[in-house]
Amino acid sequence: MSNITASLVKDLREKTGAGMMDCKSALTETNGDVEAAIDLLRKKGILKAAKKSGRTAADGLVGVALAAGKGALVEVNAETDFVARNDAFQDLVRKSAVGALKHEGDVERLLAHPHEGFPTLAEAVTALVAKIGENMSVRRSAALSVSPGIVASYLHNAVASDLGKIGVLVALKSAADPDKLMALGKQLAMHVAAANPLATRVEELDPNVVARERAIHAEQAAGSPWRFVSMTLDEPGDADAPALSSIFDGDERIGLVTSAGWSFTLDKSVALGYVEPKYEAVGTKLEVEIFGNRVPVTVGSEPLFDPKNERLRS
């Protein structure tokens, strides 16, 4: 058997773009013959896959797997939505999510785990790249676990069972009825998918981020005849209360609820609004018109919000 040197492996890698271990294995099988090793890599589809690896994989799917008190997500990217609709690709993502559940969201351990007859998931991905002809990659994974309690999930733009474009996990620690917890968890997960919050609680926000957003907010508002305020409904509100509702002081229209609309929590209903400066003081009593009816609101403390999309953060 020929001595397979590091320089020989490097030479083959530079000519083919294949992985180091694939090159070393091919050279070993061909007794150090580089040209024969190139042919062998082509026959195995590895060379084809290596050439694809330099292309951007910007599409793909998120897979989810759930078990008692735990859940996992995995994102597998491909180059086009066409591949994301491929049965073989979907099967890979779905089974990768199950693997992510076993490995607690650790991508390195997941890629090294055996997969459907392949020594590792990484090799299974390489084989699928060669078969389909598009670059793919297992980009990231995450997992949650809780006891007692449940882990709920939500997949936005679901394309098949346990597969979608955006994935969210929510863990609720409680000894309450699991069915009721699961229903609540799914609702929360849907809100997370829609709002993409920066943190679970206001106090968990990075102070630097808060300061930066407030500075932007202040600069944008400088010289404007309007002020941003948060408002809390004085009475239980309608969950379908619309955005862009008018704000009144008596019969005078003095502001507008922003396009973010109302944020409904367990104990209050809050919205952001634009009002004239003289109405911005905390505790000011106003009214908002909802479906033709005037409902009382109270101006609250300074709100946290993202000025790019006016998403409510508190």
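This is a predicted model: local features need pLDDT of at least 70, side-chain atom pairs count only at pLDDT 80 or more; totals for chains, interfaces and linings use all residues.
A residue counts as exposed when its relative accessible area is over 50%, as buried when that area is under 20%, and as partly exposed in between.

What does the side chain of Glu-116 meet in a salt bridge? The partner is Lys-95, with 3.0 Å from N to O. Lys-95 itself is partly exposed, at 32% relative accessibility. Glu-116 belongs to the loop between α7 (107-112) and α8 (121-132), whereas Lys-95 belongs to helix α6; the pair therefore ties together parts that are 21 residues apart in sequence.

Lys-95 also takes part in a salt bridge with Asp-91, where the closest N and O atoms are 3.2 Å apart. Here both residues sit in helix α6 (residues 87-102), four residues apart, which is about one turn of the helix. Asp-91 is partly exposed, its relative accessible area being 29%.

The count of salt bridges in the model comes to eight. Another of interest joins Lys-165 to Asp-81, with the closest N and O atoms 3.2 Å apart. Why does this pair tie together parts that are 84 residues apart in sequence? Because Lys-165 lies in the loop between β5 (163-164) and β6 (166-173), while Asp-81 lies in helix α5 (residues 81-84). Lys-165 is partly exposed, with a relative accessible area of 29%, and Asp-81 is likewise partly exposed, at 30%. Both residues belong to a network of salt bridges that links Asp-59, Asp-81, Arg-85 and Lys-165.

I turn now to the packing of helices. α6 and α8 pack with their axes 11 Å apart, at an angle of about 170°. An angle over 145 degrees counts as roughly antiparallel, and α6 and α8 are therefore roughly antiparallel to each other. On the α6 side, the contact is made by Ala-88, Phe-89, Leu-92 and Ser-96. On the α8 side, Leu-121, Ala-124, Val-125 and Leu-128 make the contact. How many residues of this contact are nonpolar, polar and charged? Seven are nonpolar, one is polar and none is charged.

That brings us to the interior. In soluble globular proteins, nonpolar side chains tend to be buried together. The largest nonpolar core of this model has 23 residues, of which Val-74, Phe-89 and Met-136 touch the most other members. Which elements each supply at least two residues of this core? They are β1 (59-67), β2 (70-78), α5, α6, α8 and β3 (136-145). α6 gives the most, with six residues.

Leaving out residues up to four places away in sequence, Val-74 touches residues including Leu-61, Val-62, Val-93, Ala-97, Ala-100, Leu-110 and Val-138. Gly-63, Ser-96, Arg-140 and Ser-141 are also among the residues that Val-74 touches.

Finally, consider His-103, located in the loop between α6 and α7. Is His-103 buried or exposed? Its relative accessible area is 13%, so His-103 is buried. Apart from neighbours within four places in sequence, His-103 is in contact with Arg-109, Leu-110 and His-113.

How values were computed: Residues are numbered from 1 along each chain as its sequence is written. Side-chain values use heavy atoms; hydrogens and water are left out. A salt bridge is a side-chain nitrogen of Lys or Arg within 4 Å of a carboxyl oxygen of Asp or Glu. Buried means under 20% relative accessible area, exposed over 50%, partly exposed in between (1.4 Å probe, protein chains only). Axes are lines fitted to C-alpha atoms, for helices over the stretch in contact, and angles run from 0 to 180 degrees between N-to-C directions. Angles under 35 degrees count as roughly parallel, over 145 as roughly antiparallel, 65 to 115 as roughly perpendicular and the rest as oblique. Contact means heavy atoms within 4.5 Å. Ala, Val, Leu, Ile, Met, Phe, Trp, Tyr, Cys and Pro count as nonpolar, Asp, Glu, Lys and Arg as charged, and the others, Gly among them, as polar. A nonpolar core is a set of buried Ala, Val, Leu, Ile, Met, Phe, Trp, Tyr and Cys residues joined through side-chain atoms within 4.5 Å.
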